[in-house]
Amino acid sequence: MKKIFYGIILLVASFILLPVFPTLPDSPPDSVIRVLILDDKDEVSITLKGRYRIYSLSPERIFLEGSYLNTNVTAGSEGIGVGNREIKASGIKIYMTQDSNIYVDGKRFRGNIDIIRKENKKLMVINYIALEDYLYGVLYHEVSHRWPIEVLKAQAIAARTFALYQARQNKMQLYDLRSDIYSQVYGGKAGEKWSTTKAVDATRGKVLIYKGDIFPSYYHATCAGLTEDASNLWNTDMLPLKGVPCDFCKGSPHYRWTREIPIKLLESKLKDKGYKVGDIISVNILSKNISGRVDKLEIKDVTGVSVILTGKDFRQIIGPNDARSTKFDVSIKRDNLVLNGLGWGHGVGMCQWGAYGMARQKKKCEEILKYYYPGAEISTIDKLKQ
Ligand SMILES: [Zn+2]
């Protein structure tokens with residue numbers, strides 16, 4: 001009898017003490033998104049503080065578990081190396097219990113991590129994270145945490161909608177979003193602040209919809225007068241992304257900008273992209289669109305060869321941090337190309353500094369979103385059609 005009693009106690013205790021590992025389905029539900037945080041790496045350092053379990057991927061089995069690990073993961077000749085062990089697998093999946101911490105190359109993340117060995121024998125790291133947790137990390141990088149709460153809430157709803165839209169678009173891919181400027185900037189757990197976290201919580205589950213469903217709710221830093229029609233840049237033609245006048249971003253530090261770029265640098269950048277131009281003698285804007293952004297420009301070289309580029313392609317070639325927008329005038333001064341520009345970003349959707357200006361004029365989150373995305377409504381994720 002005593003034995004049975006102790007047996008039951010032991011059984012109950014082991015259930016209480018067993019760490020709970022969240023399990024994630026192969027195809028993540030709407031509430032989980034996959035963010036590419038590192039790519040094409042030979043080696044990745046991981047530090048796991050707290051209960052962890054590492055599975056090998058294809059074949060899937062438990063490979064390692066414990067309560068602390070500090071090691072390097074490498075792409076081996078035939079598999080993947082964890083510390084000085086190599087396993088024949090296409091990657092590893094690291095699960096952590098709720099209160100544990102995971103660091104990848106020194107940066108702290110929420111959720112779980114996959115490290116995949118690609119065909120080119122380089123590593124790709126994907127963070128599986130709950131959508132709301134992801135937003136905590138994204139918001140701090142997108143707007144100042146010192147801004148009024150109404151603009152932070154508007155940003156949280158726009159970012160949630162955009163992330164969800166990307167996740168739907170990329171369901172068949174290995175990941176939904178990248179953690180750089182090509183999608184949304186995601187700073188992991190280190191990028192969270194009290195006020196931005198509050199804005200995410202205050203708008204939990206809220207998204208923008210148009211005609212009953214979510215849409216790519218783009219946003220950018222500063223439009224400088226008029227937001228851009230998305231159809232000028234991408235294959236997206238809808239009322240909420242058609243562009244609106246914006247007087248609210250006049251106080252933006254990004255309203256005006258000037259850049260001088262050595263002509264020789266432009267020549268080499270064009271050559272890198274496969275354009276056959278020699279010594280450039282002129283750069284002329286051929287047309288601008290209704291929002292004042294460059295539609296087409298022509299670059300001529302000394303032999304008479306000319307290249308016609310869209311404003312969007314020209315900005316990509318120069319680099320989006322140097323050519324901060326496509327709203328610019330251009331001239332040549334000695335050996336330099338001089339760009340005098342307005343605004344920062346592609347100009348589509350919500351103007352963040354404009355939204356800040358509206359919040360300073362006591363406008364509410366809903367008013368800000370309805371202004372920048374005309375025709376859109378605010379709904380919640382659970383009401384969306386799948
Ligand atoms: Zn603006």
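1. Helix α2, burial. In this predicted model, nine of the twelve residues of α2 are buried, so the helix is largely enclosed by the rest of the structure. The buried set is Leu131, Glu132, Tyr134, Leu135, Tyr136, Gly137, Val138, Leu139 and Glu142. Note that Glu132 and Glu142 belong to that list.

2. Helix α2, length. The helix covers residues 131-142. Its twelve residues, at 1.5 Å a residue, should span 16 Å. The end C-alpha atoms lie 16 Å apart, which agrees with that expectation.

3. Zinc site, donors. Which atoms hold the donor positions of the zinc ion? They are the SG atoms of Cys223, Cys246, Cys249 and Cys351. Their distances from the ion run from 2.3 to 2.4 Å. The angles subtended by the four donor atoms are 102 to 117 degrees, and therefore the arrangement is tetrahedral.

4. Zinc site, chain positions. The donor spacing reads C-x22-C-x2-C-x101-C along the chain. Distant parts of the chain are linked here: Cys223 and Cys351 are 128 residues apart. Cys223 sits in the loop between β13 (219-220) and β14 (225-226). Cys351 belongs to strand β22 (residues 350-351). Is Cys223 buried or exposed? Cys223 has 0% relative accessibility, so it counts as buried. Cys351 is buried too, because its relative accessible area is 0%.

5. Asp229. This residue lies in the loop between β14 and β15 (245-246). Its relative accessibility is 14%, so Asp229 counts as buried; the cut-off is under 20%. The Asp229 side chain makes a polar contact with the side chain of Ser231, at 2.9 Å. Setting aside residues up to four places away in sequence, Asp229 touches Leu241, Lys242 and Gly243.

6. Strands β2 and β3. How do β2 and β3 run relative to each other, parallel or antiparallel? They run antiparallel, joined by twelve bridges. Strand β2 takes in residues 43-57, and β3 residues 61-75. Ser45 is positioned opposite Asn72 of β3. Three residues separate the strands in this hairpin. There, Ser58 has a positive phi near 30 degrees.

7. Strands β3 and β4. Strand β3 also pairs with β4 (residues 80-82) in antiparallel fashion, through three bridges. Val73 has Val82 in β4 as its bridge partner.

8. Leu64. This residue is part of strand β3. At 22% relative accessibility, Leu64 counts as partly exposed. Leu64 and Arg53 are eleven residues apart in sequence, yet their C-alpha atoms are 5.9 Å apart in space. Beyond neighbours within four places in sequence, the contacts of Leu64 are Tyr52, Arg53, Ile54, Leu69 and Arg85.

9. Thr97. Where does Thr97 lie? Thr97 is in the loop between β6 (91-96) and β7 (101-104). Thr97 is buried, as its relative accessible area is 7%. Its side chain makes a polar contact with the side chain of Ser100, at 2.6 Å.

Key. Residues numbered from 1 in each chain as written. Predicted model: local features only at pLDDT ≥ 70, side-chain atom pairs only at ≥ 80, totals over all residues. Heavy atoms only, no water. Donors = N, O, S within 2.8 Å, 3.2 Å for Na, K, Ca; no water. Tetrahedral: all angles 85-135°; square planar, octahedral: opposite > 155°, others 65-115°. Helix = DSSP H or I, 4+ residues; strand = E, 2+ residues; numbered from the N terminus. Buried < 20%, exposed > 50% of the residue type's maximum accessible area, 1.4 Å probe, protein only. Expected span 1.5 Å × (residues − 1). Polar contact = N/O pair within 3.5 Å; in protein donor to acceptor, adjacent residues only side chain to side chain. Contact = heavy atoms within 4.5 Å. Pairing = 2+ DSSP bridges.
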